[in-house]
Amino acid sequence: MTIDSHPTPVTLRWAVRLLRVEAVAVGLVAVWLIVADLTASTTDLTSALLVTAFAIGAALALWALGSALARHRSGARAPAIVLQLMLLPIGWFMIQGGLGWLGVPLIGLGLGVTWLLVSPPTTRALGFE
């Protein structure tokens, strides 16, 4: 039996879980975009492929960052925070566009995961203190 000298705090575990949930959600959007690209009658192929590639890249990045944070890789925290803060303007513009039911939770998710990533237990677990 071994004893983990660096247990993962609950704040970091939840941040990892939420990053992975985001990765799956964005991955599902990417699948929808692929289907839309393949079934569209007319499309600007370059734009469609770029948007689809961006969604696939975002899903992969979120999953990779979650995996790195689960392994206590401190270098993954800053990019994960940047991706979470990107949810703020996205949510704001959704609210402005009449999609408040989606924009408000996105802002809350971005702020919540950011808080989890900068909380003292996570900071200690990643070796910043």
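In which helix does L60 lie? L60 lies in helix α2, where helices are DSSP runs of H or I with at least four residues, numbered from the N terminus. This is a predicted model, in which local features need pLDDT of at least 70 and side-chain atom pairs count only at pLDDT 80 or more, while totals for chains, interfaces and linings use all residues. Residues are numbered from 1 along each chain as its sequence is written, and side-chain values use heavy atoms, leaving out hydrogens and water.

L60 has a relative accessible area of 57%, so it is exposed (exposed means over 50%, buried under 20%, partly exposed in between, with a 1.4 Å probe and protein chains only). Together with I34, L38 and I56, L60 forms a nonpolar patch on the surface, with about 390 Å² of accessible area. Such a patch joins nonpolar side chains within 5 Å, from residues with over 30% relative accessible area and no salt bridge (a Lys or Arg side-chain nitrogen within 4 Å of a carboxyl oxygen of Asp or Glu). The areas come from the Shrake-Rupley method with a 1.4 Å probe. Helices α1 (10-39) and α2 (45-70) each supply at least two residues of the patch.

Further along, the axes of α3 (residues 77-85) and α4 (residues 87-96), lines fitted to C-alpha atoms over the stretch in contact, come within 4 Å and cross at roughly 10°. That makes α3 roughly parallel to α4, the word for angles under 35 degrees.

G91 lies in helix α4 and is buried, with a relative accessible area of 0%. G91 touches G103, L106 and I107, contact meaning heavy atoms within 4.5 Å.

Note on methods
Patch = residues over 30% accessible without salt bridge, like charges linked within 9 Å, V, L, I, M, F, W, Y side chains within 5 Å. Axes fitted to C-alpha atoms, helices over the stretch in contact; angles between N-to-C directions. Parallel < 35°, antiparallel > 145°, perpendicular 65-115°, else oblique. Lists of a residue's contacts leave out its neighbours within four places in sequence.
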